[in-house]
Amino acid sequence: MSGAERPEWVVREDASATVIVALFVRQALGIRAPEELPHLRGAPAAQPVDDDDAAVLQRQWLAYWAMSVEPQAHPSPVPLDLVDGFETLAVLPVEGFDELRAAMAPLAGDAVAYANWASERYAAQARSGSASSYRAYASAIAEHERRVGRRAHSFELNVQVLPLTQRGVWWIGSLTIAVTDGLRGDVAAFDPAIQPIIAELA
């Protein structure tokens, strides 16, 4: 089999400040969805409210969230514009998002500071070698190949390593998962946690 025919896998790991800002906004505004995804550690959390205004915010936030996690898969039908105060970390469509834009405004400074802190913390851990990306995923893929008795299919996976309050792995997009930073740094626990994801893709 030539190199061109050999299956390939691509795993991109990050702690995107854009994704973290979106989660900070969700938590600070008391938005429930997606309900299975836990809160960020150390970020303010408002009580969820059930009314028409909250439903509008949640609908707009879910669209913003999809664009933040997988922007290429969720293009906006109208131009995007930076949200004031969020530097380059938050963009919204210029139409149809007035309520969310207004609700986000007071959160800008705290959201950006939190996201920068979390991203820098992840980068420092990655530099220290405590979470060797390639080795972790290669080991899981090799184990999957042994189990199924064939080469892994080609696949792409984006991994967001986030400071969440619960340990675990959650799908947050069609090609994207969220992993708790504590779980990602625990080699013994991370391998069995990522196995079902690899099995689903490969």
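Buried means under 20% relative accessible area, and Asp-181, at 11%, therefore counts as buried. The legends below describe close-up views of a predicted model.

**View 1. Asp-181 in a network of salt bridges.** Arg-41, Arg-121 and Asp-181 are linked through salt bridges into a network. The side chains of Arg-41 and Asp-181 meet with an N to O distance of 2.8 Å. Arg-41 is in the loop between helix H1 (17–28) and H2, while Asp-181 is in helix H6, so this pair ties together parts that are 140 residues apart in sequence. Arg-121 also forms a salt bridge with Asp-181, and here the closest N and O atoms are 2.6 Å apart. Because Arg-121 belongs to helix H4 (residues 108–128) and Asp-181 to helix H6, the second pair ties together parts that are 60 residues apart in sequence. Both arginines are partly exposed: Arg-41 has 30% relative accessibility, and Arg-121 has 33%.

**View 2. The salt bridge of Glu-13 and Arg-184.** A search of the whole structure gives nine salt bridges. One of them joins Glu-13 to Arg-184, with the closest N and O atoms 2.6 Å apart. Glu-13 lies in strand E1 and Arg-184 in helix H6 (residues 181–184), so the pair ties together parts that are 171 residues apart in sequence. Glu-13 is buried, with a relative accessible area of 15%, and Arg-184 is buried as well, at 4%.

View 3. Strand E6 (residues 176–180) has five of its five residues buried, so the rest of the structure largely encloses it. In a regular strand, side chains alternate between the two faces of the sheet. Thr-176, Ala-178 and Thr-180 point one way from E6, and Ile-177 and Val-179 point the other way. Strand E4 (residues 155–162) runs parallel to E6 and is joined to it by five bridges. Gln-160 stands opposite Ala-178, and Val-159 has Ile-177 as its bridge partner. Strand E5 (residues 169–171) pairs with E6 in the antiparallel sense over three bridges. Val-169 is bridged to Val-179 of E6. E5 and E6 form a hairpin, with four residues between them.

**View 4. Strand E4 beside strand E1.** Seven of the eight residues of E4 are buried, so E4 is largely enclosed by the rest of the structure. Strand E1 (residues 9–14) runs parallel to E4, and six bridges join the two. Val-10 stands opposite Glu-156 in this pairing.

**View 5. A patch of negative charge on the surface.** Asp-51, Asp-52, Asp-53, Asp-98 and Glu-99 gather in this patch. Helix H2 (52–69) and helix H3 (98–104) each supply at least two of the patch residues. Glu-99 has its place in helix H3 and is partly exposed, with a relative accessible area of 44%.

View 6. Leu-80, Leu-82 and Val-91 form the patch, and together they have about 230 Å² of accessible area. Leu-82 is in strand E2 (residues 80–82) and counts as partly exposed at 39% relative accessibility. Pro-79 is found in the loop between H2 and E2. Pro-79 is exposed, with a relative accessible area of 56%. Its C-alpha atom is separated by 8.2 Å from that of Glu-95, and Pro-79 and Glu-95 are 16 residues apart along the chain.

Note on methods
Residues numbered from 1 in each chain as written. Predicted model: local features only at pLDDT ≥ 70, side-chain atom pairs only at ≥ 80, totals over all residues. Heavy atoms only, no water. Patch = residues over 30% accessible without salt bridge, like charges linked within 9 Å, V, L, I, M, F, W, Y side chains within 5 Å. Areas by Shrake-Rupley, 256 points an atom, 1.4 Å probe, with all protein chains shown as cover. Salt bridge = Lys/Arg side-chain N within 4 Å of Asp/Glu carboxyl O. Lys, Arg positive; Asp, Glu negative; His and termini not counted. Charge placed at Lys NZ, Arg CZ, Asp CG, Glu CD. Buried < 20%, exposed > 50% of the residue type's maximum accessible area, 1.4 Å probe, protein only. Pairing = 2+ DSSP bridges.
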